[in-house]
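This report describes one protein chain. It covers fold, confidence, surface and charge pairing.

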Amino acid sequence: MTKKGEHVHLPVTSRHYTTVGHGESNIEQNVQQLLGQLLSASRALLALPQALEQILTKLETGQLEVKLVVYLPPDSSFP
């Protein structure tokens, strides 16, 4: 059991956590939160290629139009 204020090194995350009170439950919550965030990020990354493919297909087929608007202040010296 860890003591209050003791530093615990977790090699999986390469981070140091300072335990406060119930050390094991605090670390367990941190690990569960980290795994949840990794799962969410992984799902987003897996969906990214399909979303980019859909955008590129729409661009290539003319279904998507990109317009650029440049604002120049009235006092600019751009020709």
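In what order do the elements of the chain run from the N terminus on? They run β-β-α.

## Model and numbering

This is a predicted model, in which local features need pLDDT of at least 70 and side-chain atom pairs count only at pLDDT 80 or more, while totals for chains, interfaces and linings use all residues. Residues are numbered from 1 along each chain as its sequence is written, and side-chain values use heavy atoms, with hydrogens and water left out.

The chain has a mean pLDDT (the predictor's confidence in each residue, from 0 to 100) of 76, and 66% of its residues reach 70 or more. Confidence is highest in α1, at 89, and lowest in strand β1 (residues 7-10), at a mean of 49.

## Secondary structure and contacts

The chain holds 1 helix and 2 strands. Both kinds of element are DSSP runs numbered from the N terminus: helices are H or I with at least four residues, strands E with at least two. Helix α1 covers residues 23-60.

Contact means heavy atoms within 4.5 Å. Of the contacts between residues at least 6 apart in sequence, 0% join residues at least 24 apart.

## Surface and burial

The accessible surface of the chain is about 7,300 Å², and 61% of this belongs to carbon and sulfur atoms. Areas come from the Shrake-Rupley method with a 1.4 Å probe; for residues, only the protein chains shown count as cover. Buried residues make up 9% of the 79 in the chain, where buried means under 20% relative accessible area, exposed over 50%, and partly exposed in between (1.4 Å probe, protein chains only).

A nonpolar surface patch of about 890 Å² includes Leu-45, Leu-56 and Val-66. Patches are made of residues with over 30% relative accessible area and no salt bridge, with like charges joined within 9 Å and nonpolar side chains (Val, Leu, Ile, Met, Phe, Trp, Tyr) within 5 Å. Leu-56 lies in helix α1 and is partly exposed, at a relative accessible area of 45%.

## Salt bridge

The structure has 1 salt bridge, defined as a side-chain nitrogen of Lys or Arg within 4 Å of a carboxyl oxygen of Asp or Glu. Its partners are Glu-65 and Lys-67, at 3.8 Å, N to O. Glu-65 counts as exposed at 62% relative accessibility, and Lys-67 counts as exposed at 67%.
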